[in-house]
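Visitor: I am new to this structure and would like to learn how to read it. Where do we begin?

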Amino acid sequence: MRQSNGIQVERVQVIAHRGTAGYAPENTMASFERAIEMNADYLELDIQLSKDNELVVIHDSTVDRTTNGSGAVKDFTLEELQSLDSGSWFNEKFEGQRIPTLGEVLAVCRGKIGVLIETKWPYLYSGLEQKLADELASYHMHLPTERVIVQSFDQNSVKRFHAIMPQIPIGVLVEDEAILAEDKLTELAEYVAYVNPALELVTGEAIERIHSRGMKIFPWTVRSRNVIQPLLKLGVDGVITDYPDYLSQE
Ligand code: G3P
Ligand code: CA
């Protein structure tokens, strides 16, 4: 917290996107450990379900881009997914990195860094939100004292999660300007704490509309130093970035 005109203002939050995706293979333990070392406030990660119904951390609906395998995530068991190499595609020095389970990440993060969890392609995974709630509870990360936020592009998914675990703050990811209209934001404010738009949608007016309804804004994804100061001047509450150290240097 810092003081501004006598009002308590929270410091801009630094959210390490897919871990530190600019420095290490995204959504791997190497990437998340780097985010902790860089003192990011949160790490962001993407969750899906394996064929045998385990929560795994991976962005794409297939393993093709980020592993040495090929095929849909949902068609692999956890054991099969974890036999893949998810580091070498980024750099050979990361050979041996594996697709983590959400539980493996939570065990490392608890008490060290906040976690911004995105339900990815939730229409593919019946029961994803219940499974997430169960996993958070088993790591005691369902408590209001823990820094956990659950977000999605899919508003039905976050609504389902909110109905199960209403104490966890909800984020809605935005890549359609229409969601930043007055009426839509008023509707979202009934259950949403964070409105997280693509960088190109961020304007002073949109921030004012979000803030005036009691919500916060974490834009994504900062990959260039040039955009940081303009965002901070506009008054964003956090920045989702592949390079968390860029923010700590501001
Ligand atoms: O958290 C924002 C960001 O993760 C949304 O886009 O495609 O990187 O999941 P994507
Ligand atoms: Ca994401």
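Guide: We begin with a term: a polar contact is a pair of N or O atoms within 3.5 Å. Keep in mind that this is a predicted model.

Visitor: Which residues surround ligand 1?

Guide: Among them are His 17, Arg 18, Glu 44, Asp 46, His 59, Glu 118 and Lys 120. The list also includes Gln 151, Phe 153, Leu 173, Trp 220 and Ile 240.

Visitor: Next, the metal. Which residues coordinate the calcium ion (ligand 2)?

Guide: Glu 44 (OE), Asp 46 (OD) and Glu 118 (OE) coordinate the calcium ion, at 2.1 to 2.3 Å. Along the chain, these donors follow the spacing E-x1-D-x71-E. Asp 46 belongs to strand β4 (residues 42-49) and Glu 118 to strand β6 (residues 114-119), so the pair ties together parts that are 72 residues apart in sequence.

Visitor: Are Asp 46 and Glu 118 buried or exposed?

Guide: A residue is called buried under 20% relative accessible area. Asp 46 has 0% and is buried, and Glu 118, at 4%, counts as buried too.

Visitor: Which residue counts as partly exposed?

Guide: Asp 75 is one of them, at 45% relative accessibility. Its place is in the loop between β5 (55-57) and α2 (78-82). Asp 75 and Leu 45 are 30 residues apart in sequence, and their C-alpha atoms are 21 Å apart in space.

Visitor: How should I read empty space?

Guide: Rolling a probe the size of a water molecule over the atoms shows where empty space is left. In this structure, the second largest pocket holds about 160 Å³ of space. Its lining has 14 residues, and His 17, Arg 18, Glu 118, Trp 220 and Thr 221 lie nearest its centre. By class, the lining has 4 nonpolar, 4 polar and 6 charged residues.

Visitor: Where is Thr 221 found?

Guide: Thr 221 is in the loop between β10 (216-217) and α8 (228-234). At 12% relative accessibility, Thr 221 counts as buried. Sequence distance and spatial distance are separate things to read. Thr 221 and His 17 are 204 residues apart in sequence and 7.4 Å apart in space, C-alpha to C-alpha.

Visitor: How many cavities of 30 Å³ or more does a search of the whole structure find?

Guide: The search finds 1 cavity. The largest cavity has a volume of about 60 Å³. Its lining includes Glu 26, Asn 27, Val 57, His 59 and Trp 89. By class, the lining of this cavity has 4 nonpolar, 6 polar and 1 charged residues.

Visitor: Which backbone oxygen lies 2.7 Å from a polar atom of the side chain of Gln 48?

Guide: The backbone oxygen of Asp 60 does. The backbone oxygen of His 59 lies 3.3 Å from a polar atom of the Gln 48 side chain. Gln 48 is in strand β4 and is buried, with a relative accessible area of 0%.

Notes:
Residues are numbered from 1 along each chain as its sequence is written. Chains are lettered from A and ligands numbered from 1 in the order in which they are written. This is a predicted model: local features need pLDDT of at least 70, side-chain atom pairs count only at pLDDT 80 or more; totals for chains, interfaces and linings use all residues. Side-chain values use heavy atoms; hydrogens and water are left out. Donors are N, O and S atoms within 2.8 Å of the metal (3.2 Å for Na, K and Ca); water is not among the atoms, so sites may look incomplete. Helices (H or I, at least four residues) and strands (E, at least two) are DSSP runs, numbered from the N terminus. Buried means under 20% relative accessible area, exposed over 50%, partly exposed in between (1.4 Å probe, protein chains only). On a 1 Å grid over the protein atoms alone, a cavity is a set of points where a 1.4 Å probe fits but cannot get out, and a pocket is an open set with protein on both sides within 12 Å along at least five of seven lines; lining residues have an atom within 4 Å of a point. Grid points are joined across faces, edges and corners, and a volume is the space filled by probe spheres set on the points. Ala, Val, Leu, Ile, Met, Phe, Trp, Tyr, Cys and Pro count as nonpolar, Asp, Glu, Lys and Arg as charged, and the others, Gly among them, as polar. A residue is near a molecule or strand if one of its heavy atoms lies within 4 Å of it. A polar contact is a pair of N or O atoms within 3.5 Å; within protein, one must be able to donate a hydrogen and the other to accept it, and residues adjacent in sequence count only if both atoms are side-chain atoms.
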